[in-house]
Amino acid sequence: MFRKGNPKRNLPELTFFNENLSWDEEVKYLGLILDRKLTFKKHIKYNTDKFWAKVHLIIPLIGKKSPLSLSNKCLLFKQVLRPILTYASQIWGLAAKTHLKKIQIMQNKLLRIITNAPWFVRNNAIHRDLKILKIEEHIKNISRKFFVNLASNKNPTIAEQVKFTNTNGKYSYPYKTTKWALPLKPP
């Protein structure tokens, strides 16, 4: 039940079983930080801080003096570090380009550490040689797989969730755009 507006923020007071609930600027739910305007800036900052904390722990395995092969270093990146950067990206993947660029910079820095690449080697060459997608492409791929699996789920409650997305009748699911007009390939 909503009550009289709050003069500070012009938001109504919210009660639940006669107990006042407070309005927060942000809330953390299942590891995803949701802010009032859904910019996901704080979530991305949280993920990048968490990412660098893990990098500092794993640097003996992926650094310049590591005995591991380049393919094993890339495997560590793909299996341990990249999931930290892209956690819940199906939700925040359409954030502003500036926020996505921050994550791409983190990936570029780490790939330079892994390969011990000099400053004059382009990031595109490193990505191409290691066969690692840019972060935006990776997010698109995992989002596509997520929404395809969501639509074909056998649980009727989960399958119904696709109907609640705002597609304006143009696309069958929200992440399908003209950029992805190619037919989906099985994973």
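Guide: Contact here means heavy atoms within 4.5 Å. This is a predicted model: local features need pLDDT of at least 70, side-chain atom pairs count only at pLDDT 80 or more, and totals for chains, interfaces and linings use all residues. Residues are numbered from 1 along each chain as its sequence is written, and side-chain values use heavy atoms, with hydrogens and water left out.

Visitor: What does S66 touch, not counting residues up to four places away in sequence?

Guide: S66 touches P60, L61 and K73, with that exclusion.

Visitor: Where is S66 found?

Guide: In the loop between α1 (41–62) and α2. Helices are DSSP runs of H or I, at least four residues, numbered from the N terminus.

Visitor: And is S66 buried or exposed?

Guide: S66 is buried, because its relative accessible area is 11%; buried means under 20%, exposed over 50%, and partly exposed in between (1.4 Å probe, protein chains only).

Visitor: What does its side chain reach?

Guide: The side chain of S66 reaches the backbone nitrogen of L68 at 3.1 Å.

Visitor: New topic. How many residues has the largest nonpolar core?

Guide: It has 26 residues, and F51, F77 and W92 are among those with the most contacts inside it. A nonpolar core is a set of buried Ala, Val, Leu, Ile, Met, Phe, Trp, Tyr and Cys residues joined through side-chain atoms within 4.5 Å.

Visitor: Which helix gives the most to this core?

Guide: α4, with 6 residues.

Visitor: What covers the buried residues of α6?

Guide: The cover includes α2 (70–85), α3 (89–92), α4 (97–115) and α7 (156–160). Among the buried residues of α6 are I135, F147 and L150.

Conventions. Helix = DSSP H or I, 4+ residues; strand = E, 2+ residues; numbered from the N terminus. Polar contact = N/O pair within 3.5 Å; in protein donor to acceptor, adjacent residues only side chain to side chain.
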